[in-house]
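Hello,

Here is the structure I promised to pass on. Please have a look at it first; my notes follow below.

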Amino acid sequence: MSVKKLSENALVSFVDCLLSTEKVEAVQAKGDKFDFGPLESAKDLRLDYDITLLPPKKYFQPPVETLLTYETEGVYKSHYDNERFILIGVHPYDMMAINQMDKLFSQDNYDEHYMTRRNNATIIACDVETPSKNVFASSMGTATVKDGYDILLTNIGDGYVAEAATEKGRSLLSKATEAVKVSEQDLKKRQQVWDKNQEVLNNHPLKCKPSDLPKLLEKAYEHPIWEEKAKTCFSCGSCNQVCPTCYCFNVQDDVSWDLKTGERKRIWDGCLLDGFTRVAGGHEFRAKRADRFRHRLYRKAKYVPAKIGGQIACVGCGRCINACLTDIANPISIYNKLVEDIGID
Amino acid sequence: MSQSCATEKDIYLPRPATINKTRMMNFTELYMHLSMDDVALEYKPGQFVEVSVAGLGEVPISISSSPTQKDGFELVIRKIGNVTSRIHKLKPGDKLGIRGPYGNGCYPIHESKGKNLVFICGGIGLVPQRSFINYVLDNRDDYANLTVLLGTKCTNQRFFHSELFAWRKRDDINLIETVDEVDDCWYGNVGVVTTLIPKIEAELSDACVFICGPPIMYKFVLMALAESKVPNERIFVNLERRMKCGVGKCGHCQINDKYVCIDGPVFRYSDLASVPEAI
């Protein structure tokens, strides 16, 4: 492990140094909000952001990506995005989500398209400086993160503690020529930031442990809350689109204008959308909105956790709450209502 | 994070196959015999493949032949969407892309040895069941009585005519057919497939029962089997869902915590006790 300290200026010159040789994607202001995008100048980097509109999953599973190219006579060729890049400003909850996606795409059937992108990324994560309005990462145990990143930056007031956790991270951090040694005091301050974030990123406190959720849901399948909430659901799928752990996808073929070649594309899909389960002939297996609404919450707290060693696939970013048009997507209000009505043994 | 693994194959890359034979079996069902161009397809009864048409997409299709048939494999494809309509225009010698075989939930070829077997099929539900039925016929001594109940909507939708005729002539397979809508040239049973179940009550006591048909059929067949006291452990349902990837990623075929593509498509009914979306 290699830990250094960077002043505000040292960080700027470090990022400018990276920009001179590498493709860098980072958090920047977008109107009065923030989002990840291509970084052109280190001064645009905003590590003080509260939340990005979209999670960084778009770098590993883009909204639209080419899986294969083909000739319409039927010769197929795999297509991989094989460009190295540095991703700066991933918050701990988003890092945890990426870690979960890494497992899901690599285990059982190894998805080389996702993993190629993932292996090409160097991630510089950063601890949260400004809690967002609807964050509840402290409740989900995702306010801080211990692995997955290559470098972790923590703002301790008079600069950043930068910890390189991987070989990629160490070699990158060696380019921070203005970095200095960290003191005991700096590390203590970093610990204080972690301790604080584990408390304050909690604008919707969960009334049970996250690990209680799979069991809670076992008894909640017929609870009236699904119907109640889904009454005003538009099935717009916004909650799916902004979620860092939603990874369902559709696959579609595009054909070039001369009809000779084309691309098979993977596109984000959402289990809330009407038609998600519709088969040719018209039968729809999850036709009721309430059933689709319930499915999303069950996937987050029961079905996906069973595939990834019990981790809850909701990292408490609160983006679904921000995005939901009718204010029904808040998972905490649902889980808390279930805790009240059903109880935890 | 997980290891880089450049040697892995692309799970989404179809392999080329050549169509050897095609035959329209009724107005909507196309029979097709294919061979892989590279390595022969090794499959088990109950598995399916993703059939790919460049420019249109992929569809999951059950393998209808038995693996005991050594040369190539057979599919039966209903003309119902964009991809299948295009497939219906293909001729022998044309190519298709194939991924798979997929599905870890297959017919229990070992467990059901020595038992009576009852196949309950509705319409093209016969297609995947036929893989195991022909497997049984090719290993006839390994299994006890073999009964096939087949319900079809109307007589002009019946298919595999000559094969059904051959089964009817054999004395080691009991095929009972019914149609929902009667017409002038039908002299057999009339009614939905559940009306055949009382006729085979004696077989059911020790039987493994396999169900495949349209979504609506399962509930009623399962109710009838419950009345006949067939334990859920000996009932197997072959399920259909929308699928995109076939490898447990895309999420479309998920029924509660199960994926039809990797956990099925054949499920033991007792394993679906806590899977209310299944039936």
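Leu259(A) sits in the loop that links strand 11 (249–255) to strand 12 (261–268) of chain A. Keep in mind that this is a predicted model. The phi of Leu259(A) is near 65°, which is positive although the residue is not a glycine. Leu259(A) counts as exposed because it has 9 C-beta neighbours inside 10 Å, and the cut-off for exposed is 12 or fewer.

Chain A has another case to check. Asp108(A), also not a glycine, has a positive phi near 60°. Its place is the loop between helix 2 (92–106) and helix 3 (112–119) of chain A. Is Asp108(A) exposed or partly exposed? With 16 other C-beta atoms within 10 Å, Asp108(A) is partly exposed. Most residues other than glycine have a negative phi, and most peptide bonds are trans.

That brings me to the peptide bonds in chain B. Gly100(B) and Pro101(B) are joined by a cis peptide bond, with omega about 5°. Pro101(B) belongs to strand 6 of chain B. A cis bond also runs from Gly264(B) to Pro265(B), and its omega is near 5°. Pro265(B) is in a loop, between helix 6 (260–263) and strand 15 (266–268) of chain B.

Next, the contact between the chains. How many residues of chain B are in contact with chain A? The count is 37 residues of chain B, against 42 residues of chain A. Strand 4 (57–62) and strand 6 (95–102) of chain B each supply at least two residues of the side that touches chain A.

Now chain B as a whole. Its secondary structure comes to six helices and 15 strands. The radius of gyration of chain B is 19 Å, and the globule rule gives 19 Å for 279 residues, so chain B is as compact as a globular protein of that length. Along its principal axes, the C-alpha trace of chain B spans about 55 × 45 × 35 Å. Buried residues make up 47% of the 279 in chain B. Of the contacts in chain B with a separation of 6 or more, 71% are between residues 24 or more positions apart.

Those are my notes.

Best wishes

Definitions and conventions: Residues numbered from 1 in each chain as written. Chains lettered and ligands numbered in written order. Predicted model: local features only at pLDDT ≥ 70, side-chain atom pairs only at ≥ 80, totals over all residues. Helix = DSSP H or I, 4+ residues; strand = E, 2+ residues; numbered from the N terminus. Rg over C-alpha atoms; globule rule 2.2 N^0.38 Å. Buried ≥ 20, exposed ≤ 12 C-beta atoms within 10 Å, placed from the backbone. Contact = placed C-beta atoms within 7 Å.
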